Amino acid sequence: MIAPARVLRRTLGTVDAVAIGLAAMLGAGVFSVFGPAAAAAGDALVPALAIAAVVAALNAAATAQLAAASPVAGGAYAYGRERLGPWPGFVAGWGFVIGKTASCAAIAWTLGAHALPGHERWVAAVAVVVLALVNLGGVTRTARTARVLAVLVVTALLAVVVVGLGLPPADVPSDDVPPAGWTAGGVLQAAGLLFFAFAGYARVATLGEEVRDPRRTIPRAVALSLGVVLVIYAALALVLQRSLGAGLATTTAPLTDLAEEAIGAPGTAAIRAVAVLACAASLLALQAGVGRTALAMAREGDLPRPLAHLSSRGVPARGEVAVAVVVTAAVLVVDLRGLVAFSSFGVLVYYGVANLAAFTQPREERRLPRAFAVLGALACLALVTTLPGEAVLVGLGVLALGVVGRLLTVGTVGRVRRLPR
């Protein structure tokens with residue numbers, strides 16, 4: 001069992017968990033990923049979104065099922081470690097840490113690009129530091145901030161949908177816009193990129209030690225937050241395709257373009273402000289999530305044990321600071337597209353292990369047949385293979401570095417303990 005002094009505090013309810021899930025998902029993805037996804041999928045953007053949503057739903061079901069049975073910090077790292085062994089658990093945890101660290105950097109980069117174009121890297125670095133300080137104040141403060149920001153962002157995105165519906169359909173594309181055809185490989189690659197915009201619901205599962213009645217709260221919060229985001233994304237995809245047409249594939253800021261077309265300069269300023277708020281909310285939630293997974297891995301010796309320390313506020317402060325340092329370094333040296341693809345790689349590895357762990361659960365713990373876990377694992381593998389080759393190679397290299405590091409310290413890693421039920 002975990003020593004009481006090292007256990008996080010259960011202070012969050014369903015509304016708090018849903019707010020954190022929404023804040024984690026409605027970030028950089030919704031403002032940056034539709035353009036690259038449209039370039040890959042052509043006029044099959046909505047089917048690509050549907051595929052990404054199905055994969056997300058399968059992963060969410062597996063994660064919620066595991067979290068309800070074993071409500072601890074660490075998500076699929078802890079579940080994979082217990083049910084599949086130390087090595088699969090490590091791969092899941094390391095995949096989550098590197099993938100979500102890249103997510104945090106991509107979100108911070110997008111925040112900086114909307115807040116102060118031309119100086120996005122330094123603005124992003126400042127944002128990472130400021131939000132890390134908020135997280136150091138405790139998860140209750142994180143939840144309150146996330147709730148306010150999530151409400152503002154959801155309201156603003158729904159307003160964008162309404163404004164977009166008032167625009168006439170896009171004109172016939174000009175010669176410099178590529179044709180809107182599609183291929184199966186392009187649709188799957190778009191689904192892999194769009195998955196980046198859904199992946200924040202994992203943050204809810206990492207709250208296992210911090211929610212009240214986790215066996216009920218976590219599954220409900222995962223389902224509610226994912227459902228709300230899916231509706232918003234589907235509406236945005238349809239409106240963007242209708243309003244921007246094939247030009248959607250060539251833009252890096254589709255919501256800004258839509259608002260500018262509808263309202264002019266005030267619309268552009270409004271979307272930039274909303275993007276900053278959305279990215280801040282997402283970054284706040286995800287930095288906290290990576291810190292909690294680092295805490296869980298440090299408890300087992302898979303990361304340096306000092307990261308398992310909890311502050312007097314019950315916060316993994318050293319983990320939070322370490323995450324902030326790495327994210328700050330990433331935003332100063334890596335480009336946005338590379339961060340998004342690398343993030344998708346790491347997170348899909350994490351969910352692949354989560355599905356395999358869910359497959360091993362006994363009947364009394366399962367909410368869905370094992371076939372759903374098999375489909376989820378295969379879907380993760382399929383999307384990984386469609387990501388840009390460079391991102392996959394870099395991801396495999398970083399995973400290998402983590403494995404080598406664990407091999408060098410495996411003698412100090414403790415035995416697998418049973419998770420609390």
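The notes below cover the basis, the pocket, the core and the cysteines.

Basis. I worked from a predicted model, where local features need pLDDT of at least 70, side-chain atom pairs count only at pLDDT 80 or more, and totals for chains, interfaces and linings use all residues. Residues are numbered from 1 along each chain as its sequence is written, and side-chain values use heavy atoms, with hydrogens and water left out.

I looked up the largest pocket and found about 590 Å³ of space in it. A pocket here is an open set of points on a 1 Å grid over the protein atoms alone, where a 1.4 Å probe fits, with protein on both sides within 12 Å along at least five of seven lines; lining residues have an atom within 4 Å of a point. The volume is the space filled by probe spheres set on the points, which are joined across faces, edges and corners. I noted 27 lining residues, with Ile98, Ala102, Ala330, Leu339 and Phe342 closest to the centre.

Core. I then took the largest nonpolar core, which has 138 residues, Phe34 and Tyr233 having the most contacts inside it. Such a core joins buried Ala, Val, Leu, Ile, Met, Phe, Trp, Tyr and Cys residues through side-chain atoms within 4.5 Å; buried means under 20% relative accessible area with a 1.4 Å probe, protein chains only.

Cysteines. I found zero disulfides, a disulfide being a pair of cysteine sulfur atoms within 2.5 Å. Cys279 is buried at a relative accessible area of 0%, and Cys380 is buried at 2%.

Conventions
Buried < 20%, exposed > 50% of the residue type's maximum accessible area, 1.4 Å probe, protein only.
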